Amino acid sequence: MASCSIDESSKLPKNTLYKDIAPHQWPIIYSSNYNIGFLYLEKLHPFDSSKWGSIVNFLRQAKMITNDTIVRPNEAKSEDLLLVHTKRYLSSLNWSIVVARVLEVPPVALLPNFIVQWRVLKPLRYQTGGTILAGKLALERGWSINIGGGFHHCSSNHGGGFCAYADLTLLIINLFTYYSDRIKKVLIVDLDAHQGNGHEHDFMNDERVFIMDMYNRQIYPHDHQAKNAIRCKIELENHTNDKTYLRLLHINLEKSLNEFQPDFIVYNAGTDILQGDPLGNLDITPEGVIIRDEIVFSKCIRERNIPIVMCTSGGYQRTNARVIADSILNLFTKKLISC
C-alpha cells in the first residue's frame, strides 16, 4: 500500500504522536513503558500487567522481530488527549480515588497521585500513543498491531473497566482529522468478551463509524444505552464454544464489510474470550483465537485490501501472551502480514 503524508499546507497542529519509521521496521508498536507495576497492587486485579512485554519476548524468541524492528511510540500528552477527552475528565484523574474506580482496584485510592500517575496512568498513556500511531502506520503499510491498547470501556468523559483513556476514539478522530481526504468511514470490529461501551458512547450518532460488537451479554458492563450505537450486535451466552463463535464471526463480519464498505478497520482483539478467563466466561480455545484473528485479517486485508489496526485489549490469564504471540506468528506464516 502506498505511503501517505499529511498536507503541509494544512493549518492543523502538528501531530506529535505520528512518526515515520524505517523500511526494515515492522508496523508492530511496543514500549517497555507499557508494563504496569505499582507496589504489587497489580496483584489485586486479574489483569496480567506484564502481558505486553511477554508477547514481545515470544515474538523475539521466534525471531520474527528484534529490538531494532519494533516501533516505539511517544506518550500521549494532555494536548493529544484533549482532541477527544474533556478537561474535566482528565483533571479528575488527578484524584487517586477516581483512578481507583476506573481501574477497579480500590487500594489505589490510598496512594499519592504522583505514584498513580507514574506507575499506572503513564503506561496507559504510552499505550494510547501507540494506538494513535498505529493508525498512520496502517495507512502506510496496510496493517499495524499495537501490542497494547484497546481501552474500549473509556469514552470522552468517563473511564471504567481498567480503561482510563479512549484510545480507540482517539485513533479514529485523528484519522478523520489528519487524513480526511482518504478516511471517510471506519469500521470497529470489537471482539473482546465485553461490550465496548466507551467507543459506543463516543460514536453514538456518528454515521462515519460502523460498530460491530460481539460480546458476552451476561457480563460487565450491561450498558443498554450504549447498545444503541451498535449497528451489528452479536450477543453471546456464557460458555459459547469455538464452533458457534467462529460461525457467528464469519457471517457477521462479512455482512458488516459488505454493508458499510469501510475505508479503515479498527480491530479490538481481546483474548478474554479464552476458556478459563475469570471475567470473560466464554469457552474459546487458543486455536479458536488464532482462527478468529486469521478470519479478520483475511477478510479485511487479503480479500478487500482495507488497512487495519489491531489492539490486544482484554485478557486476564497468564497464558494470554503466548496465545496472542502465536496468533501474530500465524498471521505472518499465512502471509497476511509482512514487512
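**Figure 1. Lysine 335 sits in the segment after α10.** This model is predicted. Lysine 335 is exposed, and its relative accessible area is 69%. The cut-off for exposed is over 50%, so 69% qualifies. The backbone here deserves a look. Phi of lysine 335 is near 60°, a positive value in a residue other than glycine. Most residues other than glycine have a negative phi.

**Figure 2. Serine 313 also has a positive phi, of about 50°.** Serine 313 is not a glycine either. Find this serine in the loop between β7 (308-311) and α10. Is serine 313 buried or exposed? Serine 313 counts as buried, because its relative accessibility is 5% and the limit for buried is under 20%.

**Figure 3. Tyrosine 220 and proline 221 are joined by a cis peptide bond.** Omega is about 10° at this bond. Most peptide bonds are trans. Proline 221 belongs to the loop that runs between β4 (209-216) and β5 (232-236).

**Figure 4. Helix α9 crosses helix α10 at roughly 40°.** Helix α9 covers residues 286-302, and helix α10 covers residues 320-333. Their axes come within 9 Å. On the α9 side, the contact is made by Pro286, Val289, Ile290, Asp293, Glu294 and Phe297. On the α10 side, the partners are Val323, Asp326, Ser327, Asn330 and Leu331. Sorted by class, this contact has 6 nonpolar, 2 polar and 3 charged residues.

**Figure 5. Helix α10 also packs against α1, at an angle of about 45°.** The axes of α1 and α10 are 8 Å apart. That angle makes α1 oblique to α10. Here, too, the crossing is right-handed. From α1 come Lys51, Ser54, Ile55, Phe58 and Leu59. They meet Asn320, Ala321, Arg322, Ile324, Ala325, Ile328 and Leu329 in α10. Which classes make up this contact? The contact of α1 with α10 has 8 nonpolar, 2 polar and 2 charged residues.

**Figure 6. Helices α5 and α6 pack at an angle of about 40°.** Helix α5 spans residues 113-141, and helix α6 spans residues 167-178. Their axes lie 8 Å apart. Their angle makes α5 oblique to α6. The two helices make a right-handed crossing. Thr128, Thr131, Ile132, Gly135 and Leu139 are the α5 residues in the contact. Asp167, Leu168, Leu170, Leu171, Asn174 and Leu175 meet them from α6. By class, the residues number 6 nonpolar, 4 polar and 1 charged.

**Figure 7. Cysteine 154 and cysteine 163 are in no disulfide.** A disulfide is a covalent bond between the sulfur atoms of two cysteines. How many disulfides does the model have? The count is 0. For cysteine 154, the nearest cysteine sulfur is that of cysteine 163, 6.9 Å away. For cysteine 163, the nearest cysteine sulfur is that of cysteine 154. Cysteine 154 is buried, at 1% relative accessible area. Cysteine 163 is buried as well, at 5%.

**Figure 8. Isoleucine 36 lies in the loop between β1 (28-29) and α1 (51-61).** This isoleucine is buried, and its relative accessible area is 7%. How far from leucine 12 is isoleucine 36 in space? The two are 33 Å apart, C-alpha to C-alpha. In sequence they are 24 residues apart.

**Figure 9. Lysine 77 lies in the loop between α1 and α2 (78-81).** Lysine 77 is partly exposed, with 41% relative accessible area. The value falls between the 20% and 50% limits, so neither buried nor exposed applies. Now compare sequence with space. Lysine 77 and leucine 329 are 252 residues apart in sequence. In space they are 32 Å apart, C-alpha to C-alpha. Leucine 329 is one of the α10 residues that meet α1.

Notes:
Residues numbered from 1 in each chain as written. Predicted model: local features only at pLDDT ≥ 70, side-chain atom pairs only at ≥ 80, totals over all residues. Heavy atoms only, no water. Disulfide = S-S within 2.5 Å. Buried < 20%, exposed > 50% of the residue type's maximum accessible area, 1.4 Å probe, protein only. Axes fitted to C-alpha atoms, helices over the stretch in contact; angles between N-to-C directions. Helix = DSSP H or I, 4+ residues; strand = E, 2+ residues; numbered from the N terminus. Contact = heavy atoms within 4.5 Å. Nonpolar A, V, L, I, M, F, W, Y, C, P; charged D, E, K, R; others polar. Parallel < 35°, antiparallel > 145°, perpendicular 65-115°, else oblique. Left-handed = near helix turned anticlockwise from the far one by under 90°.
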